[in-house]
Amino acid sequence: MIRPDKDDPTKVRRTLAFWVVVYALLILPNLLIGYYILFKVEISLLKAVLTYIGTLAVGPIGAYLYAAHKNGNRKQ
């Protein structure tokens, strides 16, 4: 489990955002191409899956950017 770090309050969000980006940009498109080639899945279904996963990927990335902005504007 990813543990929060007192010196780096955005560590958890940054780690989750990194893995979401890796999955959404590198792994998923290759899987969809494989499904198309191996199983002859319809393109419209693959487009819908890619759009759905892309929409879900925005959540953790947005949470990280919000936390980074919030922590960057905090007075110390």
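Predicted model: local features only at pLDDT ≥ 70, side-chain atom pairs only at ≥ 80, totals over all residues.
Student: How do you know that the span of α2 agrees with its number of residues?
Tutor: Helices are DSSP runs of H or I, at least four residues, and they are numbered from the N terminus. The expected span is 1.5 Å times one less than the number of residues. Helix α2, residues 43-72, has 30 residues and should span 44 Å. Its end C-alpha atoms are 43 Å apart, so the two agree.

Student: And what about the span of α1?
Tutor: The 29 residues of α1 should span 42 Å. The end C-alpha atoms of α1 are 39 Å apart, which agrees.

Student: What makes Ile 27 the site of a kink in α1?
Tutor: The bend at a residue is the angle between axes fitted to the seven residues ending there and the seven starting there. At Ile 27 the kink is about 35°. Ile 27 lies shortly before the proline Pro 29.

Student: Why are α1 and α2 called roughly antiparallel?
Tutor: Axes are lines fitted to C-alpha atoms, for helices over the stretch in contact, and angles run from 0 to 180 degrees between N-to-C directions. Angles over 145 degrees count as roughly antiparallel. α1 and α2 pack at about 170°, with their axes 8 Å apart. They are therefore roughly antiparallel.

Student: Which residues make that contact between α1 and α2?
Tutor: Contact means heavy atoms within 4.5 Å. In α1 they include Ala 17, Leu 28 and Tyr 35; in α2 they include Leu 46, Ile 53 and Tyr 64. The contact divides into 20 nonpolar, no polar and 2 charged residues.

Student: Why does Thr 55 count as exposed?
Tutor: Exposed means over 50% relative accessible area, buried under 20%, and partly exposed in between (1.4 Å probe, protein chains only). Thr 55, in helix α2, has 54% relative accessibility, so Thr 55 counts as exposed. By contrast, Leu 46, Ile 53, Ala 57 and Ala 67 in α2 are buried.

Student: What makes Tyr 23 partly exposed?
Tutor: Tyr 23 lies in helix α1. Its relative accessibility is 35%, so Tyr 23 counts as partly exposed. Leaving aside neighbours within four places in sequence, Tyr 23 is in contact with Leu 28, Pro 29 and Ile 53.

Methods
Residues numbered from 1 in each chain as written. Heavy atoms only, no water. Helix = DSSP H or I, 4+ residues; strand = E, 2+ residues; numbered from the N terminus. Parallel < 35°, antiparallel > 145°, perpendicular 65-115°, else oblique. Nonpolar A, V, L, I, M, F, W, Y, C, P; charged D, E, K, R; others polar.
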